[in-house]
Each structure stands twice: as structure tokens, then as C-alpha cells.
Amino acid sequence: MTTLNIAVAGAGIIGRRHIELIQAQPRCRLAAIVDPSPGAEACAQAAGVPLFPDLAALLAAQRPDGVVLATPNALHVDQALACVEAGVAALIEKPVAHTLAEGERLLRAAEAAGARLLVGHHRAHSPLLAQAREVIRQGRLGRLVAVQGSATFYKPAGYFDAAPWRCQPGGGPILINLIHEIGNLRSLCGEIVAVQAMASNAVRGFAVEDTAAISLRFASGALGSFLLSDTAASARSWEQTSQENPDYATYPDEDCYVIAGTHGTLSVPTMRLKTYAREPDRSWFEPFAEATLDALRADPLERQLAHFCDVVAGTAQPLVSVRDGLQNLRVVEAIAEAARTGAVVPTGCGG
């Protein structure tokens, strides 16, 4: 088995996590770190790899098999384009771009070149989501009718003190947190074609929302409602229910998604399934057959890296392509516009 050389651009929190994962993955080795900040030198020395101030310097000195782009959002597109030009595979941390126009520019270039680009929506690699998708694919819920979702959690004051830009427009949960949820909902229920939203900053009083209530229309005709808040003392978020990230307290009795069809309902991530036992007896007067599926769990970031190795090697197509990443961004931007205007906003995502 050929060992793949993977470089990491960006030695921040998520970049350091990628470095740890690469060092633990037998299929690849850490080739270099790219970061101009003073603290990156110690990180590179500890890892025993060369440090480069920018991606151009790295690509001039060596040609790694792949690069993880864990850099600020505004750098994603230009750095991904540099990888495309060099013929190097890249894992681009979400969001794929900081604007839709820039994302479209990358999409055109990537598809024209047949580039090997994976977007880092790591939850797509969660076995819990794969299990839920399979229940839906098998038709056990019947035709999808509705989904209820929530990402309600409490960010402490230090989160905002450490980065005051989070108190300003663009720093709220719609643009920071919701893109993860949109990726999950699209993978479970299909394309989202239109949205409505209301937002409030009544609790924190910042110049950006702290809470939003969102309505979704899917291409299938199913409808969804989603409650988002970073100031709610609540455990109904993916981080606090999935048990995938040990940094968070977890509550195994809580769900963050409830998916309802014409024949049954699946709650995620508890994987509680309620279906009608017999076709003629579908009625709210009749009891459900109830089951709790054995939940499948693994670290999605580890699984994402293993998948990226397959993409680098050319043995797999990206599970989350640039086009997928751009679709997630389209929906989030439409929700932000709907919250500003009060209008029903089409997402531009077809069925």
C-alpha cells in the first residue's frame, strides 16, 4: 500500500485536529504544514515536518499527494484553485467558499479539470446519518411528509469575547452553525428548494441574530421546520446528542431530527422508529410498532480522512463535492435573506 503524503494548510484548532488524524492514519503521512502565524513554527517542529508560509511556497518546494485546507474562509477558493492547477487533491474545510460567486468560480474550474476536491462537511461521514438514510431509502417511513429539526445550544460569553466579530453580521448561528444542519437535512430528505425565516437578537442584543425559526420546502414536496439558537439552554443539537465529539456533554435520550413519512417516523440520533404494523391500519387511533435500532457510531473526522485518502488515490469520488458544498451555501444564504426580508426565498437548488 502506497503511503500518501498529505500537507495541512492552517494550524488552528481544526487544522491541528487534522494533523493528529493524519499522524494516526497508517495510509498517509504528514508532509508539511502551511501557516504564516508565529505559533505554527512550534507546531511544525513538534510534528517533525517543514513549515511553509503559504501554499505557493509549499507547491514550489514539493508536490504532496493531497492538501487539507483548514484556513480562513476567504482563502478557500484561491487555495483550492492553486491545488487544481498543480494537480493536487484537496480537502476544503467548510464552507467551500465565502461567497456564492467565488464558489461558482471554483466549481467551474474543478469540473473542467476533473479535480479531486472533497469539501469538509464531516458529518456526511457519520454512520448515524448513513443508517438514517438507509431507513429512508428502504421505504420504511413511506413517502416523506415532514421533518422537524433543532440546533439549540448555549454559547458562553467567552466565545464572543475571544472573537468580537462573532457579535456582528455574519457572525451569528445562521452563517456559522446552520450550514452543518443543512448538509444533514439535504442528505436525509433531498434538495431544499425554498425557505422562509424569522430571526431575533432579543436575548444577547448583538447586531446579529441569536435565534432563528426556519421553514423549508423540499423538492419532493415535504416540508420542514427548524429551530436554531445559540442562547438556548438546551441539549437538542447534533453535538450534544450524537455522542460523536467527546468535547461536548451528551444526552442520549434527546433527538435533534424527527423525520415523518406516510408509514412511520424516525427520530435521530436515538434511532427510535415508529411504524404502522399493517397497511390497512394506518390511523391515529391505532398503535405503532415501536423499535429502537442499534445506533452506529464512529468519529466522522476519522472516516472523512480515510475517504479523502481514497479520493487522493483515485479510487473514490468525493462524498461531498464542490457542487454539494455550494448547494449547502446556497440554502444558508437564502435563509439569511429570508430572515432579512420576510419573503419566501427560492434557493436555486433543483430537485
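Student: Which helices each supply at least two residues of the lining of the second largest pocket?
Tutor: This is a predicted model, in which local features need pLDDT of at least 70, side-chain atom pairs count only at pLDDT 80 or more, and totals for chains, interfaces and linings use all residues. Residues are numbered from 1 along each chain as its sequence is written, and side-chain values use heavy atoms, without hydrogens and water. A pocket is an open set of points on a 1 Å grid over the protein atoms alone, with protein on both sides within 12 Å along at least five of seven lines, and lining residues have an atom within 4 Å of a point. The helices (DSSP runs of H or I, at least four residues, numbered from the N terminus) that meet this condition are α6 (127-137), α9 (178-189) and α12 (322-341).

Student: Which element gives the most to the lining of the second largest pocket?
Tutor: The second largest pocket is lined by 15 residues, and A124, G183, S187, L319 and V320 lie nearest its centre. With five residues, the top contributor to this lining is α9.

Student: How many charged residues does the lining of the second largest pocket have?
Tutor: Asp, Glu, Lys and Arg count as charged; Ala, Val, Leu, Ile, Met, Phe, Trp, Tyr, Cys and Pro as nonpolar; and the others, Gly among them, as polar. Seven residues of this lining are polar and four are nonpolar. The number of charged residues is four.

Student: Which strand gives the most to the lining of the largest cavity?
Tutor: A cavity is a set of grid points where a 1.4 Å probe fits but cannot get out. Two strands (DSSP runs of E, at least two residues), β7 (144-152) and β11 (257-261), each supply at least two residues of the lining. The strand that gives the most, with four residues, is β7.

Student: Which cysteine lines the largest cavity?
Tutor: The lining has 10 nonpolar, no polar and no charged residues. Alongside residues including L144, F218 and I259, the cysteine in this lining is C189.

Student: Why does C189 count as buried?
Tutor: Buried means under 20% relative accessible area, exposed over 50%, and partly exposed in between (1.4 Å probe, protein chains only). C189 therefore counts as buried, because its relative accessibility is 11%.

Student: How far from C189 is the nearest cysteine sulfur?
Tutor: The structure holds zero disulfides, a disulfide being a pair of cysteine sulfur atoms within 2.5 Å. C189 is accordingly in no disulfide, and the sulfur of C256, the nearest cysteine sulfur, lies at a distance of 12 Å.
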